[in-house]
Amino acid sequence: MEHVFIVALIIGGTALLSLPLGAWMKLAMDPGSDRMTRWTSLFGRTCGTTEEQGWKRYLVTMLIFNAIMFTVTFAILALQQYLPLNPDGMGPHDPTLVFNTAASFTTNTNLQHYSGEASMSYLSQLAGLMWLQFVSAATGIAALAALARGIAGRESVGNFMIDVQRASFLVLLPLALIVAMLMVLMGMPMTLQGSAVATTLEGATQTIARGPVAAFLTIKQLGTNGGGFFGPNATHPLENPSFWTNGLAMIAILLIPMACVWMFGGILGRMKHATVIFAVMALFILVKITGSVTFESAPTPAFAELPVATDTGNLEGKELRFGATGGPLWAVLTTSTSNGSVGAMHDSLNPLTGLMPMAGMWLNATFGGVGVGMINMFLYIIVAVFVAGMMVGRTPEYLGHRVEAKEVRLAILALFSHAVLILGPTALFAATSLGQATVQDPGAHGFSEILYEFTSAAANNGSGFEGLGDGTWAWNIATGIVMLLGRYLPIILPLAIVGSLMAKRRAAESAGTLGVEDATFGTMLGLTVVIFGALTFLPAAALGPLAEHFSLP
């Protein structure tokens, strides 16, 4: 019953909070009142124009802005030893690690092949990495708003520079300030002083890393970023001091991705449609949580021959303060939302439990990353509408837009590219010394370590099994490229779909039009996601987590 209560509190409470936040995000990103249009004028003066953009110009502006983000952060990280706010004297990084880290945070992935407290200056953490956690999340929200406007039948999709400011200053920053203050009140450090030096009871000297943790942690969770201030991420006691910070962090992980669904429905003016999408996503996440908590209730085989109590589930790699439930629950939430922070060591999860986070990243549409999760679900919607239309012998339509071969090809290409970015590099590294020499464990678990790393990179998640020696030049370059392609292809191709739909004459909906606001459509959408995911990734799962599970005594 304790497990049920915790899950209901986190999922149900966040779902309720997401409703008013979704309404605010719709108002902020798609304003209709005089008060909100004044913000638009202010943001327009900042960027020099309020001119509306077509989808191509919007997309080019977004890509240029993100290229600048990457370049600025690359420079800060590469030169941190010469820059201020470096009280602990952090030195230079390997160039391939600088590339990987800049790509990681620009793409909202936050995959970390370094330990933050041991290698990053405060300037790198704040002006480089934390800044990207705001603007990369804002990019996702802006892209979703643009997509929704196009589907809603607007003449343009908006102005990217205005949208990214709306998302940053009207959505992310206010929420971050509120959550950061709560985190500080709950005991999280927030200081620009260097590491504390303490003398232990035995007379030894201990250096305790600290810094502006609350500011970094807050946007890490709210923006589905996931990059930790400390190497152990949210398992570090200063990054997650108590039961209350643990619960608040999990709510922050889910909050904006859930609200994005309501924002999407609000811009479309189709809240019933948004409710169906929300229900499908919620069902997927509840199934994964149920599986994860159930599978992790079994003791770890590593303790089989040891005099250790096994009646509390698998506590290996867990924060003992939060029990056997907190770790697998966090693992599902962080991989369902493309967040990537960790509340337990995923490498220590039981094999079938470890499959649940992988499945979340393979589907990449269970609320998903801020903005982009709903964009990924839009791809499945296009496929589901097309298949349903073909089954009943009607021209497929989505909200008055005719869905034809061009749109379906683009949707399949986007979904297929996600699979290629995971399975292609996994096969290469598993078959060569590039990966074989870096795994901690042989056999199926070692394969899972490689598979998880590329899954996390392609899904822009950032979590890892952490049994992998991923600090090599090969891993830095390979995952950096996968993160960049995995971020921008699933934004470029859906916007191209919307551009194609906008170019067509919109048809009036009739009694014969496929409904998208009922349980039938929800079932069709859910089956589309499951069938596509199973056909694509089940063979890889069979070589990794499933093989490991069935090989256990």
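This is a predicted model: local features need pLDDT of at least 70, side-chain atom pairs count only at pLDDT 80 or more; totals for chains, interfaces and linings use all residues.
Residues are numbered from 1 along each chain as its sequence is written, and side-chain values use heavy atoms, with hydrogens and water left out. Local features need pLDDT of at least 70 and side-chain atom pairs count only at pLDDT 80 or more, while totals for chains, interfaces and linings use all residues.

A nonpolar patch on the surface is formed by F169, L173, L177, I178, M181, L182, L185, M186, F243 and W244, which together have about 1,100 Å² of accessible area. Patches are made of residues with over 30% relative accessible area and no salt bridge, with like charges joined within 9 Å and nonpolar side chains (Val, Leu, Ile, Met, Phe, Trp, Tyr) within 5 Å. Accessible areas come from the Shrake-Rupley method with a 1.4 Å probe, and for residues only the protein chains shown count as cover. Helix 7 (160-185) and helix 9 (243-268) each supply at least two residues of the patch; helix 7 gives the most, with 7 residues. Helices (H or I, at least four residues) and strands (E, at least two) are DSSP runs, numbered from the N terminus. M186 lies in the loop between helix 7 and strand 1 (196-199). With a relative accessible area of 30%, M186 is partly exposed, given that buried means under 20% relative accessible area, exposed over 50%, and partly exposed in between (1.4 Å probe, protein chains only).

Helix 16 (residues 443-458) has 16 residues and spans 23 Å from its first C-alpha to its last, close to the expected 22 Å at 1.5 Å a residue; the expected span is 1.5 Å times one less than the number of residues. N460, which follows helix 16, has a positive phi near 55 degrees. In helix 17 (residues 473-502), I477 is partly exposed at 31% relative accessible area. Leaving aside residues up to four places away in sequence, I477 touches T96 and F99 (contact: heavy atoms within 4.5 Å).

Positive phi also occurs at T224, a residue that is not a glycine, with a value of about 45 degrees. T224 is placed in the loop between helix 8 (213-222) and helix 9 and is buried, at 0% relative accessible area. L399, likewise not a glycine, has a positive phi near 55 degrees. The loop between strand 3 (397-398) and strand 4 (401-402) holds L399, which is buried at 4%.

The whole structure contains 11 salt bridges, each defined as a side-chain nitrogen of Lys or Arg within 4 Å of a carboxyl oxygen of Asp or Glu. E51 pairs with R57, with 3.1 Å between the closest N and O atoms; E51 is partly exposed at 44%, as is R57 at 42%. E239 and K220 form a salt bridge at 2.3 Å, N to O. E239 lies in the loop between helix 8 and helix 9 and K220 in helix 8, so this pair ties together parts 19 residues apart in sequence. Both E239 and K220 are buried. In the salt bridge between R270 and E517, the closest N and O atoms are 2.7 Å apart. R270 lies in the loop between helix 9 and helix 10 (271-295) and E517 in the loop between helix 17 and helix 18 (519-543), so the pair ties together parts 247 residues apart in sequence. A network of salt bridges links K26, D30, R149, R154, D163 and R166.
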